[in-house]
Amino acid sequence: LGARRIDLAGAVDFKDYYKVMGVARDATETQIKQAYRKLARKYHPDVSKEKDAEARFKEVGEAYEVLRSPEKRAAYDRLGQGPAAGEDFRPPPDWGAGFEFSGSGARDSDYSDFFESLFGTRGRPGSGNRGGSFHPGHGEDHHAKVLLDLDATLRGGARQLTLRVPELDAEGRLASKERVLNVQVPKGILPGQHIRLAGQGGPAAGEGTPGDLFIEVEFQPHPLYRIEGRDLYLDLPVAPWEAALGAAVKTPTPAGTVDLKIPAASHAGSKLRLKGRGIPASPPGDLYVVLQIALPAADNDKAKAAYAAMAATLPFNPRAALGV
Amino acid sequence: MSSPENQALAGAIFEDSAVLTVRDLSRMCAVDERHIVEFVEEGVLNVVEIVGTEWHFTGAALRRTRLALRLERDLELNLAGVALAIELMEELHTLRRELKARR
């Protein structure tokens with residue numbers, strides 16, 4: 001989301017956390033908590049259907065992280081009105097002096113450059129010592145999520161995955177670094193499943209084994225197929241006479257074009273199952289072909305005559321079920 | 001030296017073969033083992049097999065544990081709230097799928 005806006009002098013966009021949370025600057029802790037919970041339920045990526053849920057949720061989480069903590073909130077308020085949102089902002093040179101940051105919980109969302117320019121590494125709760133400590137001798141396991149093309153699971157094959165990894169730089173500041181991995185995607189992996197890369201997680205202290213990297217897989221929308229677990233759905237347009245009389249029509253499948261037999265008296269929405277033609281998992285998914293009736297255009301005299309002949313021949317009331 | 005294809009890290013589908021213990025889940029999700037036990041007690045996680053005194057989970061428990069932890073942390077839910085939320089989310093998912101299948 002968005003390019004990094006930090007320039008060499010450290011100017012970043014100012015963020016109005018009160019506005020993000022929709023609360024007044026003198027809101028009480030209770031009001032802030034209430035506002036957060038309401039917004040979190042609305043935008044949480046696991047529950048939300050909103051389009052930009054993830055970005056909004058991150059923004060809200062960051063605002064809450066600052067406003068819930070009396071120390072951080074005081075530090076933030078000390079900026080006064082500050083420049084208007086969106087304008088460049090430069091933290092004062094003595095920024096953060098005298099504030100003790102006590103983070104709790106363990107959010108792993110990315111914070112904005114603005115947040116990091118104010119609170120840096122210290123402001124990030126739990127940074128630096130998550131995991132690991134639970135099992136000495138084993139490095140931290142890392143998690144990532146990627147969007148793959150459907151082809152990756154249909155055929156398997158190598159994909160270059162770009163992951164963003166938070167890392168401490170020489171000055172102890174947290175920065176997000178890109179890590180490019182070339183990964184052999186296992187054929188048949190389903191949305192929500194993980195690729196495990198042994199030893200690609202965090203390093204172990206001392207003699208231990210490094211942690212693993214777990215990559216959760218989701219798929220980009222495909223132009224033809226809708227993905228539903230291990231099954232695929234394809235909308236297939238057919239002519240009215242193909243649906244009415246039955247026909248063999250060419251249809252795409254992930255494994256190539258096949259001749260599909262349309263039974264007579266099919267209608268719009270009729271579903272034909274091609275067993276085992278979905279995602280090649282074990283057991284493999286199915287491909288469902290959903291028929292759509294496409295009407296030929298009545299854009300010339302011949303076509304108009306054909307429609308008129310049908311109207312004259314067929315005693316057909318498509319609205320009979322509506323009682324009219 | 002060798003082509004990128006050859007250098008690709010071999011990835012396996014974790015869920016296919018994984019049998020997880022409380023200790024595994026604790027390590028993978030960076031959370032205390034007691035917390036995993038609490039998830040089991042609240043019905044958030046299902047033990048599929050007990051071997052000796054060890055609880056076993058399927059690989060799908062990884063995703064569920066991480067989801068439960070996110071809900072707990074981000075929505076400030078307690079254990080019962082997490083269990084209820086996950087149950088309702090699953091029901092919603094099933095209903096949406098059935099609705100789609102009917103159309």
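With which side chain does A:Asp77 meet in a salt bridge, and at what N to O distance?

Reply: The structure is a predicted model. In it, the side chain of A:Asp77 meets that of A:Arg73 in a salt bridge, with 4.0 Å from N to O. Both residues belong to helix H4 (residues 70-77) of chain A, and because they are four residues apart there, about one helical turn separates them. This pair can be set against a total of 20 salt bridges found over all chains of the structure.

Of the salt bridges, six are counted between chain B and chain A. One pairing across the two chains is that of B:Arg70 with A:Asp46, whose closest N and O atoms are 2.7 Å apart. On the chain B side, at least two residues each are supplied by helix H1 (4-7), strand E1 (9-10), strand E2 (12-13), helix H2 (14-17), helix H3 (22-28), helix H5 (60-74) and helix H6 (79-102). The largest share, eight residues, comes from H5(B). Sorted by class, the side of chain B that touches chain A comprises 16 nonpolar, two polar and 16 charged residues.

The extent of the interface can be stated for both chains. In total, 34 residues of chain B are in contact with 44 residues of chain A. Together the two chains bury about 3,600 Å², and carbon and sulfur atoms account for 51% of this area. Within chain B, the residues losing the most area to chain A are B:Leu9, B:Arg27 and B:Glu76, which together make up 19% of what that side buries.

Strand pairing also links the chains. E2(B) and strand E6 (residues 194-197) of chain A run antiparallel and are joined by two bridges; here B:Ile13 of E2(B) stands opposite A:Ile195. The open sheet that contains them has four strands in the order E3(A)-E7(A)-E6(A)-E2(B), with mixed pairing. Strand E3 (142-148) of chain A and E2 of chain B are the edge strands; each has a single partner strand, so one side of each lacks a neighbour in the sheet. H5(B) lies across E3, E6 and strand E7 (213-219) of chain A, and runs at about 90° to E7(A).

Chain A holds another open sheet, whose four strands follow the order E8-E9-E13-E12 with mixed pairing. Strand E8 (225-228) and E12 stand at its edges, and because each has a single partner strand, one side of each is left without a neighbour in the sheet. From one strand to the next, the twist averages 30°. Four bridges pair E12(A) with E13(A) in the antiparallel sense, and A:Leu274 has A:Leu287 in E13(A) as its bridge partner.

Two points of backbone geometry complete the account. The loop between strand E12 (271-274) and strand E13 (287-293) of chain A contains A:Pro283, which is joined to A:Ser282 by a cis peptide bond with omega of about -5°. In chain B, B:Ala30 is placed in the loop between H3 and helix H4 (33-41), and has a positive phi of about 50° although it is not a glycine. As a rule, most residues other than glycine have a negative phi, and most peptide bonds are trans.

Methods. Residues are numbered from 1 along each chain as its sequence is written. Chains are lettered from A and ligands numbered from 1 in the order in which they are written. This is a predicted model: local features need pLDDT of at least 70, side-chain atom pairs count only at pLDDT 80 or more; totals for chains, interfaces and linings use all residues. Side-chain values use heavy atoms; hydrogens and water are left out. Contact means heavy atoms within 4.5 Å. Buried area is the accessible area (1.4 Å probe) that two parts lose on being put together, summed over both. Ala, Val, Leu, Ile, Met, Phe, Trp, Tyr, Cys and Pro count as nonpolar, Asp, Glu, Lys and Arg as charged, and the others, Gly among them, as polar. Two strands pair if DSSP finds at least two bridges between them. Axes are lines fitted to C-alpha atoms, for helices over the stretch in contact, and angles run from 0 to 180 degrees between N-to-C directions.
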